Amino acid sequence: MQVVWLRSSLALRDLQAFIQHTVVYCKMDPKLKKTKNSSSNSANSPDSTHSSFPFPDEVLERVLSFLHSHKDRSSVSLVCKDWYNAERWTRTKLFIGNCYSVSPEIVARRFPRIKSVTLKGKPRFSDFNLVPQHWGADVHSWLVVFAKVYPFLEELRLKRMTLNDESLKFLATSFPGFKALSLLSCEGFSTDGLKAIATHCKNLTELDIQENGMDDLGGGWLSCFSENCSSLEVLNFASLNSEVSFDALEKLVRRCKSLRILKVNKSITLDQLQQLLVLAPQLIELGTGSFQQELTPLQYEGLGIAFSNCKNLQTLSGFWEDTSLHLPVLYAACPSLTFLNLSYATLRSGELAKIVAHSPNIRRLWVLDTVGDKGLEAVGSSCPFLEELRVFPADPFEQDLHHGVTEAGFLAVSHGCRKLHYVLYFCRQMTNAAVATIVQNCPDFTHFRLCIMNPGERDYLTNEPMDEAFGAVVKTCTNLQRLALSGLLTDLTFEYIGKYAKNLEALSVAFAGSSDGGMQCVLQGCPKLRKLEIRDCPFGNAALLSGIEKYETMRSLWMSACNVTMSACKLLAKEMPRLNVEVMRDEGSDESQADKVYIYRTVAGPRRDAPPFVVTL
């Protein structure tokens with residue numbers, strides 16, 4: 001391949017095709033696959049024996065600039081030293097799926113020009129209170145290193161991380177050009193930290209605060225934005241509870257002409273929402289405040305007009321304390337919607353039917369199970385382009401419910417929404433036959449998360465285990481990437497998964513299985529598995545140790561309330577020194593048992609901030 005030809009006649013589409021062919025080559029060439037003791041987070045460059053394409057640095061860097069996927073970039077960096085170095089110098093965005101898989105010092109040595117960082121901390125089961133308090137994932141050590149090597153950092157996106165107000169103040173004052181902060185399911189800070197961000201980040205374009213375990217000390221932080229601040233494009237404080245200064249919010253929205261995403265909390269009334277919409281008709285995403293307020297006819301008309309003037313609106317959420325009396329004001333904005341998040345609105349079937357009847361272009365829909373099967377039937381009739389459905393329980397702990405959804409609602413959606421490929425469905429009953437029909441109707445599922453809320457529930461019509469249901473899923477949905485299991489399941493389910501789920505990347509299991517053989521089938525049969533989450537299952541030492549050859553190709557394994565012992569964990573740690581094997585024991589439990597086990601690959605060694613209740617083997 002001639003460099004001159006690259007410089008003079010290679011069109012953009014040819015560059016993109018070349019990149020894609022290179023990525024495929026990198027992934028398929030056995031010489032470039034990781035050895036037993038290698039890691040995708042390694043700071044070492046590839047072997048110099050791999051031949052290099054004779055590209056000048058500027059051409060190679062230009063080619064790699066068209067690669068945006070962090071997975072593709074990691075693949076091409078394995079070609080040779082030239083490609084490794086070019087990728088190193090051109091990467092500006094960094095994704096780290098486990099903050100303990102690598103250290104900030106290693107990251108700093110590898111990538112000198114990072115402007116955007118996405119960092120994930122605690123295991124996902126922390127969302128279910130299975131990870132003890134004060135477990136770790138503190139972001140401060142990362143910020144200290146970033147301040148030294150990346151003073152030009154612009155974006156930080158954290159998920160399940162711990163940070164305090166001092167960390168937020170350090171962030172706000174250490175990066176002069178900082179623009180975007182997103183905190184999802186984080187903890188340890190308060191609204192005083194948000195004051196520091198609002199006060200010092202003069203070029204802020206995004207402040208996204210959602211579902212965090214934080215201290216809400218009042219809404220005064222919103223008044224800390226400079227009178228000259230006009231750069232905000234994203235503002236989300238929907239999950240905060242305290243009342244904010246509407247005067248400060250109104251002035252901020254008026255100044256920020258490029259604001260495209262606004263999600264307010266329940267303290268914002270409907271008449272205040274109307275005023276905000278008049279100021280920002282350009283919004284593409286809106287999270288409303290409380291939807292329960294007595295409106296005069298004039299106010300009602302004004303709110304409807306404001307919604308109808310939002311011609312670009314694609315996403316609607318919010319609707320706390322909703323009332324069906326005011327839902328018709330949304331209808332004018334519904335035709336352009338692609339995402340409708342009603343997961344905080346206790347709508348009934350008739351109310352949902354009216355909304356979706358006006359929303360023919362919906363691709364994503366989140367609802368509570370109060371909509372019932374009739375509401376989902378309306379979805380099946382009105383939303384032919386639906387791709388993602390999430391049905392959450394309004395009250396997951398209430399046993400005697402007179403509402404909810406069953407297999408009938410799911411079947412109705414699958415009949416009418418043949419493009420469906422992502423589902424999270426909470427229900428109290430299901431049948432094998434229904435699931436088999438659903439996946440026949442929608443064979444393109446990539447994410448299938450069925451949550452039968454009572455553990456160990458059988459097919460309520462045949463009294464059989466739910467093995468054939470999930471067997472149908474993995475047999476039919478060949479592109480399945482994520483699967484969550486529930487109901488009474490034997491090892492047969494796991495045999496099906498190991499045999500058919502060849503593209504599966506993440507598996508969540510609870511209250512399922514018969515013996516160690518189930519987990520062994522999964523670990524031996526799913527070549528792309530990256531995350532395995534298990535709780536309250538009869539899997540023991542044999543199951544754990546069967547994955548010795550597998551764990552270094554995975555991101556993590558979580559096991560809790562299983563039959564794993566300390567001796568098996570020690571043996572695993574001895575055999576696989578590049579893994580961190582962390583054990584957390586419950587208070588008062590048998591010292592020989594490993595109550596909670598978290599295993600993950602790392603190039604940083606044992607973490608330095610482990611609390612006393614975490615034993616790293």
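Pro611 counts as buried, because its relative accessibility is 11%. Buried here means under 20% relative accessible area, exposed means over 50%, and partly exposed lies in between (1.4 Å probe, protein chains only). Pro611 is found in the loop between β22 (596–601) and β23 (614–616). Helices (H or I, at least four residues) and strands (E, at least two) are DSSP runs, numbered from the N terminus. Leaving aside neighbours within four places in sequence, Pro611 is in contact with His134 and Trp135. Contact means heavy atoms within 4.5 Å. Pro611 and Gly136 are 475 residues apart in sequence, yet their C-alpha atoms are 7.4 Å apart in space.

This is a predicted model, in which local features need pLDDT of at least 70, side-chain atom pairs count only at pLDDT 80 or more, and totals for chains, interfaces and linings use all residues. Residues are numbered from 1 along each chain as its sequence is written, and side-chain values use heavy atoms, with hydrogens and water left out.

Now the chain as a whole. The protein chain has 21 helices and 23 strands. Of its 617 residues, 54% are buried. Take the contacts between residues at least 6 apart in sequence: 71% of them join residues at least 24 apart. The protein chain exposes about 26300 Å², and carbon and sulfur atoms supply 50% of that area. Accessible areas come from the Shrake-Rupley method with a 1.4 Å probe; for residues, only the protein chains shown count as cover.

Next, the cysteines. A disulfide is a covalent bond between the sulfur atoms of two cysteines. The structure holds zero disulfides, where a disulfide is counted as a pair of cysteine sulfur atoms within 2.5 Å. Cys186 counts as buried because its relative accessibility is 1%. Cys334 is also buried, at 1% relative accessibility.

Ala137 is not a glycine, but its phi is positive, at about 65°. Ala137 lies in the loop between β2 (116–120) and α7 (140–149). With 0% relative accessibility, Ala137 counts as buried. Glu211 also has a positive phi, near 55°, and is a residue other than glycine. The loop between β6 (206–210) and β7 (213–215) holds Glu211. Glu211 is partly exposed, because its relative accessible area is 49%.

Turn to the helix pairs. Helix α8 (residues 165–174) packs against helix α9 (residues 191–200) at an angle of about 5°, with the axes 8 Å apart. Axes are lines fitted to C-alpha atoms, for helices over the stretch in contact, and angles run from 0 to 180 degrees between N-to-C directions. The two helices, α8 and α9, are therefore roughly parallel to each other. Angles under 35 degrees count as roughly parallel, over 145 as roughly antiparallel, 65 to 115 as roughly perpendicular and the rest as oblique. On the α8 side, Asp165, Leu168, Lys169, Leu171, Ala172 and Thr173 meet Asp192, Gly193, Leu194, Ala196, Ile197 and His200 of α9. By class, this contact of α8 with α9 has six nonpolar, three polar and three charged residues. Ala, Val, Leu, Ile, Met, Phe, Trp, Tyr, Cys and Pro count as nonpolar, Asp, Glu, Lys and Arg as charged, and the others, Gly among them, as polar.

Another pair is helix α17 (residues 467–476) and helix α18 (residues 491–500), whose axes come within 8 Å and cross at roughly 5°. That makes α17 roughly parallel to α18. Asp467, Glu468, Phe470, Gly471, Val474 and Lys475 in α17 meet Leu492, Thr493, Tyr496, Ile497 and Tyr500 in α18. The contact of α17 with α18 has six nonpolar, two polar and three charged residues.

Stay with α18. Its buried residues are Asp491, Thr493, Phe494, Tyr496, Ile497 and Gly498. They pack against α17, β17 (482–484), β18 (506–510) and α19 (516–525). Thr493 is buried, because its relative accessibility is 1%. Leaving aside neighbours within four places in sequence, Thr493 is in contact with Met466, Asp467, Phe470 and Leu485. Thr493 and Gly518 are 25 residues apart along the chain, with 7.7 Å between their C-alpha atoms.

Finally, helix α15 (residues 407–416). Seven of its ten residues are buried, so α15 is largely enclosed by the rest of the structure. The buried residues are Glu407, Gly409, Phe410, Leu411, Ala412, Val413 and Ser414. What covers them includes α14 (372–382), β14 (388–392), β15 (422–427), α16 (432–441) and β16 (447–452).
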